[in-house]
Amino acid sequence: MPGKPRKSRILFSVLAGISFVYLIWAIVGSVGDRVHELKTGEDVTVSAVSGCTKGGPPMSGPLPYCEVEWRFDDGRAGRGRIEGERVAEGDRVFAGDGVAYQSRASRIWGLSLISLFGLALSGMLISLVVLSRREQIRRRRGK
């Protein structure tokens, strides 16, 4: 059994590294961008749709999207791409400077999923650290 502690350390190191990289990405990149979009975005009216694509096959192809222009309630205009279903002129969407989404709820949902996954990974990482420390203590006492 001399190889077993080494395998568990390697597994622990790999899982800890993956968790750490994901948490850094989630906290610094994705979560920060999505929170900023939620804070600065608002509901707008689509003023023009210049074209929509169907996208690729489910789960492997690109998402369908539409190129649209929108007008904020204060008169400013914006332009960008909305991923997902088709959009028509006059629809209300959630948009900010250069970004637009079908609704605010879809951004909140995406942010929630990333946050929950990050919390689950954090919990797993903490559990692995605790279990690893217990195993080290048990081995020291057994010697």
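**A walk from pocket to disulfide**

Start with the lining of the second largest pocket, where you'll find five nonpolar residues, three polar and two charged (Ala, Val, Leu, Ile, Met, Phe, Trp, Tyr, Cys and Pro count as nonpolar, Asp, Glu, Lys and Arg as charged, the others, Gly among them, as polar). Keep in mind that the model is predicted, with pLDDT of at least 70 needed for local features and 80 or more for side-chain atom pairs, while totals for chains, interfaces and linings use all residues. Numbering runs from 1 along each chain as its sequence is written, and side-chain values use heavy atoms, leaving out hydrogens and water.

Strand E3 (77–83), strand E5 (100–101) and helix H2 (104–142) each give two or more residues to it (DSSP runs numbered from the N terminus: helices are H or I, at least four residues; strands are E, at least two).

Next, select Cys52 and Cys66: a disulfide joins them, S to S 2.0 Å (the criterion is a pair of cysteine sulfur atoms within 2.5 Å). A search of the whole structure turns up one disulfide. Color the strands and you'll see Cys52 in strand E1 (residues 42–53) and Cys66 in strand E2 (residues 65–71), 14 residues apart. Look along the S-S bond: the link of Cys52 and Cys66 is right-handed, with 110 degrees about that bond.

Last stop, a surface view. Cys52 is partly exposed because its relative accessibility is 25%, whereas Cys66, at 1%, is buried (buried is under 20% relative accessible area, exposed over 50%, partly exposed in between, with a 1.4 Å probe and protein chains only).
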